[in-house]
Amino acid sequence: MRNRSGSHVEEFVLVGFPSSPPFQLLLFVFFFTIYLLTLLENILIVSTVWLTPSLHRPMYFFLGHLSFLELWYINVTIPRLLGAFLTQDGRVSYVGCMTQLYFFIALACTECVLLAVMAYDRYQAICEPLRYPNLMPPSLATRLAAASWGSGFFSSMMKLLFISRLSYCGPNIINHFFCDISPLLNLTCSDREQAELVDFLLVLVMILLPLVAVVSSYAAIIVAILRIPTAQGRHKAFSTCTSHLAVVVIYYSSTLFTYARPRAMYTFNYNKIISVLYTVIVPFLNPAIYCLRNKEVKDAFKKTMLGRCHHPRDVPD
């Protein structure tokens, strides 16, 4: 659809996951269940970290930010997809598409930087355990978290500045379940080289540089762990990193696969499956990966819930 001047589309149509009605119902139940569980998991983590004084430390401070980010992340992509399943209407306005794209890019970039910050935190805790309280005070943790959010939203603004300047004359069919960079670049009827160059440079800065920081941090961590004389000590030290490392591997592998080549990535339907991995599955798995292996968080959660359930209510005389 074109606007009144006939030069620009007013809306896009998201293809989503076209299939038979029974399979559509199955997909709706799957995504809706994952959506509810993800909301519940991350809300519980944020509230537990916030309400438990013993968890007011940099490691859990960053975890709370990550869970809050996942809550926002899941609400950028999934509700519109669920609505499309119910109404069989994948139309989204031009402004709505650009808004969704802005927040999606901002949260994705923020998560990349935040994961690198969490790796740096683990590096300081394992390699400099005695100096860790001085090397990672609460003020520094707050600045690092703020820098993660600020850099993510700033880079998204830069990307959107160039993408929104492109002309979209039609067709307006996006073979995806949300508005993303590559399908929009494939639909433009104007020169997209500048936008692709900006996108590529920002990918280098916001994805590859944090990945280098993660790899460097874990290289130093492995060296430090190998120097521990006892097997029990090495296992205890490495166990504090396994959850974060698992999330990093899943998130960065799927993200790099999708965004390393932005030009024609969405010509194949299996790329939508990869997108499901980091937009739906990773936010769902993060709380389980981080908390099921963390006794301190589990104990804090139990105390918070049981304390609320068994707290004596005031009974009037």
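Which backbone oxygen does the side chain of Thr52 reach, and at what distance? It is the backbone oxygen of Thr48, at 2.7 Å, in what is termed a polar contact (a pair of N or O atoms within 3.5 Å, where within protein one must be able to donate a hydrogen and the other to accept it, and residues adjacent in sequence count only if both atoms are side-chain atoms). The model is a predicted one, in which local features need pLDDT of at least 70 and side-chain atom pairs count only at pLDDT 80 or more, while totals for chains, interfaces and linings use all residues. Residues are numbered from 1 along each chain as its sequence is written, and side-chain values use heavy atoms, with hydrogens and water left out.

Thr52 belongs to the loop between α1 and α2 (58-87), helices being DSSP runs of H or I with at least four residues, numbered from the N terminus. At 10% relative accessibility Thr52 counts as buried, since buried means under 20% relative accessible area, exposed over 50% and partly exposed in between, with a 1.4 Å probe and protein chains only. Helix α1 itself covers residues 21-51, and its 31 residues, at 1.5 Å a residue, should span 45 Å, which agrees with the 45 Å between its end C-alpha atoms; the expected span is 1.5 Å times one less than the number of residues.

Once its neighbours within four places in sequence are set aside, Gln124 is in contact (heavy atoms within 4.5 Å) with Pro129, Tyr132 and Leu135.

The charged side chains come next. A search of the whole structure finds four salt bridges, each a side-chain nitrogen of Lys or Arg within 4 Å of a carboxyl oxygen of Asp or Glu. One of them joins Lys159 and Asp199, whose closest N and O atoms are 3.0 Å apart. This pair links distant parts of the chain, with Lys159 in helix α5 (residues 138-163) and Asp199 in helix α7 (residues 193-226), 40 residues apart, and both residues are buried. Another salt bridge brings together the side chains of Arg122 and Asp121 at 3.1 Å, N to O, and here too both partners are buried. The side chains of Arg192 and Glu196 also meet in a salt bridge, at 3.7 Å, N to O, and Glu196 is buried, with a relative accessible area of 10%.

Methods
Helix = DSSP H or I, 4+ residues; strand = E, 2+ residues; numbered from the N terminus.
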